[in-house]
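Please look through the sequence and the model shown here before reading on.

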Amino acid sequence: MSVLAAAVAIPGTLVNKEYSLWTLFKQGLQHNEGWDPAWRSADPKPSYDFVIVGAGGHGLATAYYLAKDHGARNIAVIEKGYLGGGNTARNTTIVRSNYLWDESALLYEHSLKLWEGLTADLNFNIMLSQRGVFNLGHSLQDMRDIERRVNANNLNGIDAFVLDAAEVKRRIPLINTSSSARYPILGASFQPRAGVARHDAVAWGFARGASKYGVDIIENCEVTGLDITGGRIKGLQTSRGYIGAERVGCVAAGHSSVVAKMAGIRMPIESHPLQAFVSESLKPVLDTVVMSNAVHGYLSQSDKGELVIGAGIDHYNSYSQRGSPHVIEHTAAAIIELFPMFSRVRMNRQWGGIVDTTPDACPIISKTKIKGLYFNCGWGTGGFKATPGSGNVFAHTMAKDEPHPLNRAFALERFYTGHLIDEHGAAGVAH
Amino acid sequence: MFVLYCPHCGEKREEEEFGYGGEAFIARPATPETLEDEAWGDYLFMRKNSKGWHWEMWSHNTGCRKFFVVKRNTATHAIEASWTLADGRKAFDAEGNTA
Amino acid sequence: MSSHRVNIATARIDTTRPLSFTFDGRPYSGYAGDTLASALLAHGHRMLARSFKYGRPRGIVGAGAEEPNALVQVEAGALTIPNLKATQVELYQGLSGRRTTGWPSLEYDLKSLGGHFSRFMPAGFYYKTFQNRALWPRFEHIIRHAAGYGSAPVEPDPETYDHQHHHAEVLVVGGGAAGLLAALAAGRAGLDVILLDEQSELGGWLLSAPNSVIGGKSASAWLQDVAGELQSLSNVRIMTRTSAFALHDMNMIQAVEQLQDHLPPSERTKGQRRQRLHRIRASRVVLASGAIERPLVFGNNDLPGILTASAITTYLNRYAVAVGRRVLLLTSNDHAYQGACDLARSGASVVLADTRSVLNPAWERRARAAGVDVMAGYGIAEAHGGRAVKGAHLMRLDSDRNAVAGNGPFIDCDALGSSGGLSPTVHLYCHDGGRPQWDEKRLAFVASATGRAKAGIYVVGAAAGEFGLQKTLEQTRQTMTEALAASGKSSSLASFNLQTDEPDTIPARRIFRVPDGKLEGHGKKAFVDFQNDVAASDIHLAVRENYRSIEHIKRYTALGFGTDQGKLSNVNGFAIAAEALGKSIPEVGTTTYRPAYSPVTFGTLAGAHEGDTFEPRRFTAMQESHVRRGAEFEPVGQWLRPWYFPKSGEDLHAAVGRECLAARRGVGIMDASTLGKIDIRGKDVREFLNRVYANAWTQLAPGKCRYGLMLDENGMVTDDGVTACVTDNHFLMTTTTGGAARVMTWLEKWHQTEWPDLDVFMTSVTDHWATAAVVGPKSRQVLAKLCSDIDLSPGAFKFMDWREGTVAGVPARVFRISFSGELAFEVNIDASYGHHIWEALMQAGAEFDITPYGTETMHVLRAEKGFIIVGQDTDGSMTPFDLDMAWAVSMKKPFSFIGKRSFARSDTARSDRKQLVGLLTDDPKIVLKEGAQIIESDDIKSPMPMHGHVTSSYFSPELNRSIALAVVRDGISRRSDSGIKAGRDVLYAWAGGKAHKVKVVSPVFVDPEGARQNV
Amino acid sequence: MSKPIMQSPLHAFGLAAQAKLVDASCGVWASETPLLGYISLRGNSADTAFVEATSRVLGAPLPTQPCTFVQSAKAKLLWIGPDEWMIVCARSALQALLRGLNEALTGIRHQIADNSGGYTQVYLQGKNARDLLSHTSVYDLAALQPGRVAGTTFGKSSVYMHRQGDGYCLLLRRSFADYIWRYLIRAAEPYGFGIARPERGEAQEDAA
C-alpha cells in the first residue's frame, strides 16, 4: 500500500503547485496525493556562481533574494544537517525592529517591512502575527533608555510608544505591576507592528521560494575546507565532494568561527548556549509579546496555545545546544515575577540553541580580506527577526561585491576602527 | 551543568559557585602604542571560539575568588582538568598551543 | 459497586475507603488508590476529550505518563491545575475535574464539523492558505481560539515550592522490578542510594502483574519484601511521587516531588510545599525507567475504548476495573498474553488477535486454558463505533509481508487493546546528548544493550530493552555487578533467587501500521500521534512534499510535540516515515527527547525564588532610619536606596525642591553607604592604580583623595569614584553602587592573570563602612558638634583631604569630598554604628534644619555641577574626552593604562564624536525628557538625522529653571564658553512628538569656578 | 549626644524578643551571634615571617590546608583562599588583634582589613539543620566535616559555612542579611522554625 504512495515523493520533481484554498480542495479530493515537493533536494554540481554555506533562514533568504532581486541563477545552498535545523528551529520567533541605534533600527525595520509582505511574496503562510511587543522597564534608568529608544525609533519612522505602568496593566491585565515587586514595572516601550512568526515555516517558505528559481538546496553537506588561491575563493571541500564557487557566503551562525578558521580569518565571535522552553498548550491567555531584560525573561503564546519563553544566555562557550538548568530555573522565576498565576503552568519542553555573540551585540555582514568570501553572522540572540532583511542585504553585498547601504556599518572593519554599534549599552540583551 | 574542580580549594564544586572568565591566555600586548590598529583590534575582540577542546578561565566567586584554568570540550562539555593559572599555562604550552 | 468494577484481591485500591468526586459537574464515586482515569473507567465513562484538529471523540489510551488524550483541569480558582493527565491524578475525596476540550460541549464539538472536511485539512494546511494579509489576523484569531487544552489560573498561586540539592553515589530512576533490584544491590553494598519513582508506590509493572512469580513467591510478595529491606537500609533514600524529568551534564538529575496534589485542599499541610525540585548530582545513575507499550496503528484506532493492551491490564489488576466486558486484543508480541489471561479469568470474554501466524505455544496454551479466544495471523483493518468502540473489522495478514492476505471476521467488543511492542523509556538518556540506537531484534530504540550507556550512566531492565521479567532481573543483576565493581564494591545478589514462571518469549512481529488493503490516505484515518491528530497519511504527505528529514516530518506534522512527548507515537512515526521514505529505521535517524520527561510547573522550577526571595535586596545600616522618615525607595542594582523623603502632601517635585535648597543653602544629609569600597594594599598599589585608572596616582599623598575614571580596553568609561591614599602602600577605592562587584572582579582578573608580579592585595570592604554625606554650607557646623579630634577648619582640612578621627564617639574616616559642589563631609564608620551615626547627625543638625535627601536630589545637585553618572550620562560608548574630562586622563604615564591604546583608532580619535554638554531650553519652565533626541531642525521627516540625546534633565531649584545634560555630536565645539547666558548652536530636543529649542552650553550650571566646595 | 550603640544587620527582625530555649518543637533553630569582630587578612603563607608573626598574634598558625579553620584561644581563623583568611573574634578583642597584627606585620607583605561592620554570624541547630542547608546551598554538605569551611551559594547570594558543635555557623554579609534571613525562614518552613536564644557572649554586652 503505502510503499506505492511513498514512490510519489521523488526528489527532483519540479515545484510548481501554487498554494491556495483551491489547490487544497483539489488535492483533498485526490487524497492529497498530488502535492509536489515543497522544495527540490539537489546533488552538488561541480561549480556554482554563488554558494551559500548554511541553509538556515538567513542562508535560504540570501539565496532567494540573490535569485529574485539580482537575477542570479547558478546558486547552491549547502547545509551540514537538514535545512532550518539550527537557530531557525530553536528560537522564540519574536519579530521587532525597535532597536536603539540608527544602523540596527534601519536594518531591522527593513526586515520587518519584508516580513509584512513575506507570506504573499513566498506564497507560503509564515504566520506573521503582529500582536505587538512590550519591552518592560523596571527602573528609572530602564525608563530613560526606553524613552531614548522610542524617540529614536519614531524619528527613524518606526512605530513605538512609551507606556506607563497603568497602561501596561490595562493592555496586559494578568501582569503584576505591584510596586512592591523586586523589579517593579514602571512602564514599557511598545511596538504594535512587532510580533511573532512561525519559525519553521520561514525556512521552508524561503527554501520553496529559492527552489522555484532553481536554487540547488543540498542538505547533509558539510564544509570541510575552503579552496583559496591568490587571496581569492575558488571553491569548497565538502563531505559531498569539491564544489567550485565564484563567491561564497558563510551564514553559519554559531559555527561561523569554524568556517572562518578554514579561511585563516579570525572572528570577534563567541558561541554560547541560549535556552528556551514552552509550556503545555493552554487556552488563549496572553495575546502579545512581553520582554524584560531586568528579570531576564520574555514570553508570548503560540497559536498552538503554548507559552513560548526565552531564557538568558549561558556565559560559557558551547557548541552543544545544551545549557545549564539554573538558567531555565531563573527564567521561570522571572516569568512568575511578571505573571504570578503562571506558577501552576507546566513546562512541557526545553531546548538550547547556539548563538554567535559579538562584542557590540550587533551582526557582522561583511566582505573579507579574501576576494569572493563573505560573512553574515554574529546575530547573537537577535537573528530570527532579521531573517528576510539579513538575506536581502547580504544578497546585495554578494551580488554587487559591495555592501548594501543598510549593512555598510556592519563590516568587520568596525572592530579595528572602534566604530562599534553598542546595542547592549542601552538595549541590554538584544533579543 | 558542570562540576568544576577548584585547584585552590581542592574540591569539586557546582557550577553556580563559579563565574566564567572567558578564553584563557589572551596576553595583553607589552607595548600597545607600537601596535597597528589591526593587531590591537585582534587582541581586543578576536576570539578562538574553538569547537572542541577549549582553554578557558573560571573564577571561584563564592569561594576563594581565584581565577583558574579549565580545559573543556565545547562540543561535548567533557572537562579534562583544571589547573591554577600558572600550572595551566604550562599544560597549555606543553600541548604546543599558542595563545 | 460501579458498573465496571471487578473483584481483584491483589488490586491496589482500598474498597474500605470510598471517595466521591465530580467530573464535568456530574458526581462519581471511586476508592482510595484510584486515579481519576481508573475511577471514570470504573463507571464505563468513555469519551473524555475532543481531538485537537478534527474534534474527534477521544478516550483514555494509557495508564500513566504516556496518556495523550485525557487531559483534564483539576479544581477551580487559585488552586486549579490545567492539563493533568487523568491517568496520573490520584483520586481524593471531593476532587473536582473537568474536560479541557470540546466546545460547546464534549458531546457536540464544533471542531467535529471540521472533522468531516479533514481531507482538506492535511498536515500543514495552514501554510498553504490564509494568505490574504487583511484577513489573516481574523483567521489567526480563530485558529488561536480553537487551540489550547486547559486554562491557566488567573489568580496568584497560594501554594509554594522549593529546591533541594543532593549528592548521591547511586541514583536509581524507577522503582519497578529492575529499579528495586538495582537499589538493593547498591544499598546492600553500603553506597549512598537514592531511589526515585514517579508513582505513589513502588513496584512499577509488578503492580499490574501481581500474579507473576519471582523466586518462588508472587510478585506482590516479592515487591513487599524487597521494598521492606530497602526501607530498612539507612543509606537508601526512597522518594515516591518523584519524577526525574531531566538529565544534565555530569549526572545532574532534576526531579520533581509531588507533596500535596494527592490530598484534598482541606487536608494539605500548611507550610509544606506543593512540589519540590530535587537536584541530584550522582556519581552513578541507573536508569530503570522501564518501557512504554506502543499501540498498533490501524483505521479509527483513536475511538474511545481503544487503549494499549497493557493499560487494560493495569486497570484490571491494579485498579480492579474491567475496561470492557467484551474485549478485543490485538498484539504483535507475547506481552499482551498475561493480561488476556487475567481479563478472561476476571469474567470478560476475550478475543486475542495475534498478527503473528506462528504463536508462542506456551502462551497460547495458557491463554486458551484461561478461556481466551486466540486468533493467529490477524490484524485490524478498521475499528467501528462513534463515541465508543463497538467492534473491529479484522483482516488476515500475509505471514511475512505486512500486507492483507484475506478478509477476516467482524468482532464485536466494548473495549479494544493493542500492543505493538514496548518502547524503552530512554528520555533521560537523550537529554545530555545520548543517542539511542535502533535494535532490529528488539524492535526498539535502546540506550545500550550492555547496560553501560556512558560514563556513569547505566540502563537496566525494560529501559535497556530487556522486556521479559526474567531477562529484566538477570540483566539488572549483571549490570549492577559491573557498576558496583566500578566503585570497588561487590554485589550480594549472586545468590538471590530471581527465577520467574515466565515462559521463554518468541520474537514479536515487525509491524507498526496494520495494513488495511488500501493506499495510505484512502482508508479510515489511522492515528500515530493522538494528541496532535497526526495520522499515518500525514507522515506520507510530509514525505511526499519533501519533508524527508525526520525532524522535518515531526515539525511539519507536529508528531511528538504534545504533552505526552511522543511516548506512544515516536517509534510508530519513525517506522511509518521509514516506510514512506523507503529507508530502514536507522537510516531515518535516531529518536531524541528533550526535557522535561513529563511536564513540570514553573513554580517548581522557580522554587524559593519568588516574592521577597526572588533576588537579593540589599539594604544599608541606615535602612530603619529611612523607613521611619517616610523615604520612597529606588532600586539601584541590587540595592534599595532612598529616592526622596516626601513630607506629608509633598510629591517628588516638591520634596526634591526642598531637599536641593537645603543642601545648597543650609545642610542636607545623604546615605552614601552603597558605593563600592575596595581596600588595596601593597608596595605596588600606585603602579596598579596607574594601570587600571586613566589618571595618575604616583603623586597622591597620604590624607588626600582623587577622583578616578576607569575604562575598559576599548577606551570607554565603565566606572568612576574617589580613591583615597591611606599610606604610601595603602589606598581605599570607591566604585559606583552598581559597579562594585564587577569592578572587584575586573581588578582581580587583571592582577591574577596579567600582573601577578605586582604586590597588591584587594579586599572588598563595601559592607564594613557605612557612609553619611553631610552636605551644604552648614555641614561644617553640624560636624563640629560631633567631632572634636579633627581640625575641621578650611585651612587644616582642605577639599579632597580625608582625616581619621572620632565622630559621635565612634572612630571614623571623614572625607572632604563633594558630589554636589557644596562644602561637604562624608563620614565613614563601622556599619554597626551606621544607625547611630545617622541619628547622631540628624540630632546635631536639627538646629540647622538638617534635611535627609535621596538619589533624586543627589542627581539634581550633581547635574547642576555637570558631574556624570556612569550608566546614565554614559552608555558604554563614551571616552573621557567625549565627557570633556581630559583632566582625568594622564597620557604621560609610562605604562599604557587600560583603554589608552584604543584612543588612537580612527573612529575613537574623531573630534566630532558625541560629547557631553549642557542644554538650556528657551522656556526655563520646560524640563526636557531624559531620552529626548537631539535634532537640528524641528521640520520632522523620517529618517531624521539624530545628533545625540538628553541623558539627564531636571528642574534646578537653585537656578529656578530647567537644566539638562546631553551627549551631542561635536557638542564641545557647539558649546558657548560664556556660561549659561548664550548658547552658540541652536538645536532641538525631540521627545514624544514635541521639539523644544535648546542652546548648547557648558555642563556646569552652578558655581562654575568651584568656589563653594572650597570654603 | 547618645551613647554609641551597635546594631546587627538583623536588628530589624528583633530576634532577641522572639528567642526561645531550644527544644524538640522545631526542626530548625537559628540564632544570630551578632557584632563579632571580623578581620580580612591577606598574605603569603609561604613566607615564614608572615606565618610566625600572625600565629604569634592570633594564638595559632593560620590554616594553610584549603577549606579548613582553626580555633585559637583568641579567635577563629578561617581559610578563605590560598592567600586570604577571615579572623573572627569577640568585639572586645578586635582592637587588640588589629593593633597586634599591624605591629607584627610591619615590613612583611600583607593586608589587614577590618570587616567587622560587614558581617554577621548565624548559628543553625536542630535535627533538620542540614536539610535546611540542602535547600539553600548547592554545596555537598557531606564534605563539610568538622574543621572544614566552605564558601558557597545561599540562594542567589553566598555565605561561608562550617560546622560547630552539632550545628552550622554561617558567615554572611551585612547588606545581604535581610535576603538571607528571609530565604532561611522560608526554607525552614516545612521543618518548623524557631529562633534560639544565643549564649550571651561579650558581643551583646558591647552592644547593650
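This is a predicted model: local features need pLDDT of at least 70, side-chain atom pairs count only at pLDDT 80 or more; totals for chains, interfaces and linings use all residues.

**Contacts between chains**

Where chain C meets chain A, 130 residues of chain C are in contact with 118 residues of chain A. The area buried between these two chains is about 10600 Å², and carbon and sulfur atoms give 55% of that area. On the side of chain C, Arg144(C), Arg544(C) and Phe602(C) supply 9% of the area that this chain buries against chain A, more than any other three residues. The size of an interface is often given in this way, as the accessible area lost when the parts come together. The interface of chain C and chain A also holds 10 salt bridges, and a salt bridge is found between the side chains of Arg148(A) and Asp875(C), at 2.9 Å from N to O.

A second contact takes 13 residues from chain B and 18 residues from chain D. Here the buried area is about 1200 Å², with 49% given by carbon and sulfur atoms. Across the interface of chain B and chain D there are 3 salt bridges, and the side chains of Asp83(D) and Lys66(B) meet in a salt bridge at 3.2 Å, N to O.

**Helix α4 of chain A**

How far apart are the end C-alpha atoms of helix α4 of chain A? They are 29 Å apart, which agrees with the 30 Å that the 21 residues of this helix, 102–122, should span at 1.5 Å a residue. Glu116(A) is buried, and so are other residues of α4(A), including Leu107(A), Tyr108(A), Leu112(A), Trp115(A) and Leu118(A). Just after the helix, Asn123(A) takes a positive phi of about 50 degrees.

**Salt bridges**

Side chains of opposite charge can pair when their charged atoms come close. Over all chains, a search of the whole structure finds 105 salt bridges, and the table gives some of them.

| Residues | N to O distance |
|---|---|
| Arg148(A) and Asp875(C) | 2.9 Å |
| Glu167(A) and Arg171(A) | 2.7 Å |
| Asp907(C) and Arg910(C) | 3.0 Å |
| Arg913(C) and Asp907(C) | 3.3 Å |
| Asp83(D) and Lys66(B) | 3.2 Å |

Glu167(A) and Arg171(A) both lie in helix α6 of chain A, residues 165–171, where they are 4 residues apart, about one turn of the helix. Arg171(A) has 36% relative accessibility and therefore counts as partly exposed.

In chain C, Asp907(C) forms a salt bridge with Arg910(C) and also one with Arg913(C). Is Asp907(C) buried or exposed? With a relative accessible area of 9%, Asp907(C) is buried. Arg910(C), at 33% relative accessibility, counts as partly exposed, whereas Arg913(C), at 8%, counts as buried. Elsewhere, salt bridges that share partners join Glu109(A), Lys113(A), Glu116(A), Asp159(A), Arg193(A) and Arg133(C) into one network.

Strands of a sheet pair through backbone hydrogen bonds, either parallel or antiparallel. Strand β8 of chain C, residues 161–173, has 11 of its 13 residues buried, so this strand is largely enclosed by the rest of the structure.

Strand β22, residues 389–397, and strand β23, residues 404–412, run antiparallel and are joined by 6 bridges. These two strands form a hairpin with 6 residues between them, and Ala392(C) of the pair stands opposite Ile411(C) in β23(C).

Six strands of chain C form an open sheet with mixed pairing, in the order β42-β43-β44-β41-β35-β45. The edge strands β42 (802–807) and β45 (851–852) each have a single partner strand, so one side of each is left without a neighbour in the sheet. Within this sheet, β43 (residues 810–815) and β44 (residues 824–830) pair in the antiparallel sense over 4 bridges, and Glu826(C) in β44(C) is the bridge partner of Phe815(C).

Definitions and conventions: Residues are numbered from 1 along each chain as its sequence is written. Chains are lettered from A and ligands numbered from 1 in the order in which they are written. Side-chain values use heavy atoms; hydrogens and water are left out. Two strands pair if DSSP finds at least two bridges between them. The expected span of a helix is 1.5 Å times one less than its number of residues. Buried means under 20% relative accessible area, exposed over 50%, partly exposed in between (1.4 Å probe, protein chains only). Contact means heavy atoms within 4.5 Å. Buried area is the accessible area (1.4 Å probe) that two parts lose on being put together, summed over both. A salt bridge is a side-chain nitrogen of Lys or Arg within 4 Å of a carboxyl oxygen of Asp or Glu.
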